[in-house]
Amino acid sequence: TGMLVLANYKKWHLINVISFLLTSAIFGGWLSMRFLDMEPRPVWPAMGFATAFFGVFFIMNLRYNLKHGSQFVALDFSLLLANTAVYFAAGLSILQNVKPSLDGLFVIVLAAFHLVFAWMFYKRANAPKHLVYLLIGLVLTFLSLAGPLQLDGNHITLFWAAECVLLLWFSQRTGIRLVERASMLVVLLMLISLVMDLAKHYGEVPIVRMAPVLNKAWITGMASAVALYLYGRMCKLLPTERDVLPGLPPQHLRNAAWVLSAATAYCVNALELGHQLEHLAPAPRPAP
């Protein structure tokens, strides 16, 4: 807290680093040894201290530079990332003792926190662009982690299907191209997750017959197809005079999304039909 006060007047990189490392070491040592031996474990006091430390060092790393208009250097960005990483690890470690799981909610709150500051700095003309991009990158990272941490199986695919459309919409509203490109990465993650879901539910030897059509495998697949179709529709709103990626104009991205949407819908319905027919009229097995 003393370093936070001094950050209004002076930027001492060495003392900032020392105070961060020692505070993290003391709290991390207590968390890994004493905390585990307590019964019941003081989850919320521990979370309160972790949050307070995170807030102090987050503001400390930004305060002087923003107040005095100084340039951010690599060490400033490194401390910002290290502070977030330590808080993320400590938070997940502490919240393991809470049932039902709050991991996904914790990550979403972290994403919202960084989004607020990213939006504030994005609107400021003198805010460093690299800081804005770093914060947006953290927001996208946490949003993409929220689903896998809180959900499982087809819920992750549904989460990413919604996220890719929302990210593209957000990028069009704000003009932030980094978000636009991140939406393409989320589309790829959604497709990988969808393939894993379909392989799990429509395996070569399905054990349990699923309800016709209205089962989680079919619903997840069709939701992904709809998301890809909407993604393609939104690509029509992208400026045609610039490429989304080098050599990839918006028209090609739109067509690719629509082709993937049609292919996904076709494959999901073909698998669903095969699954149901296999149980209604199983293929005869060869005699021993």
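**Contacts and helix packing in a predicted model**

Biologist: What is the relative accessible area of Arg 242?
Modeller: Arg 242 has a relative accessible area of 23%, which makes this residue partly exposed. Buried means under 20%, exposed over 50%, and partly exposed in between, with a 1.4 Å probe and protein chains only. The model is predicted, with local features needing pLDDT of at least 70 and side-chain atom pairs pLDDT 80 or more, while totals for chains, interfaces and linings use all residues. Residues are numbered from 1 along each chain as its sequence is written, and side-chain values use heavy atoms, leaving out hydrogens and water.

Biologist: Which residue forms a salt bridge with Arg 242?
Modeller: The partner is Glu 180, and the closest N and O atoms of the pair are 3.1 Å apart. A salt bridge here is a side-chain nitrogen of Lys or Arg within 4 Å of a carboxyl oxygen of Asp or Glu.

Biologist: And what does the pair tie together?
Modeller: Glu 180 sits in helix H9, whereas Arg 242 belongs to the loop between H10 and helix H11 (250-280), so the bridge links parts that are 62 residues apart in sequence. Helices are DSSP runs (H or I, at least four residues), numbered from the N terminus.

Biologist: Glu 180 itself, buried or exposed?
Modeller: Glu 180 counts as buried, at 3% relative accessibility.

Biologist: How many salt bridges does the structure hold?
Modeller: The structure holds one.

Biologist: On to packing. At what angle do the axes of H9 and H10 cross?
Modeller: The axes of H9 (residues 177-201) and H10 (residues 216-235) cross at roughly 160° and come within 10 Å. Axes are lines fitted to C-alpha atoms over the stretch in contact, with angles from 0 to 180 degrees between N-to-C directions. The two helices are therefore roughly antiparallel, and H9 passes H10 in a left-handed crossing. Angles under 35 degrees count as roughly parallel, over 145 as roughly antiparallel, 65 to 115 as roughly perpendicular and the rest as oblique. A crossing is left-handed if the near helix is turned anticlockwise from the far one by less than a right angle, and right-handed if clockwise.

Biologist: What about H5 and H7, at what angle do they pack?
Modeller: H5 (residues 74-95) and H7 (residues 129-150) pack at about 20°, and their axes are 11 Å apart. They are therefore roughly parallel, with a right-handed crossing.

Biologist: Different topic. Where are cis peptide bonds found?
Modeller: The bond from Glu 39 to Pro 40 is cis, with omega near 0°. Pro 40 is in the loop between helix H3 (34-37) and helix H4 (43-68). Lys 99 and Pro 100 are also joined by a cis bond, with omega about 0°, and Pro 100 is in the loop between H5 and helix H6 (103-123).

Biologist: How far apart are Ser 171 and Leu 238 in space?
Modeller: Their C-alpha atoms are 9.9 Å apart, although the two residues are 67 apart in sequence. Ser 171 lies in helix H8 (residues 154-174) and is buried, at 4% relative accessibility.

Biologist: And how far apart are Ile 192 and His 114?
Modeller: Their C-alpha atoms are separated by 27 Å, and the residues are 78 apart along the chain. Ile 192 is in helix H9 and is partly exposed, with a relative accessible area of 45%.
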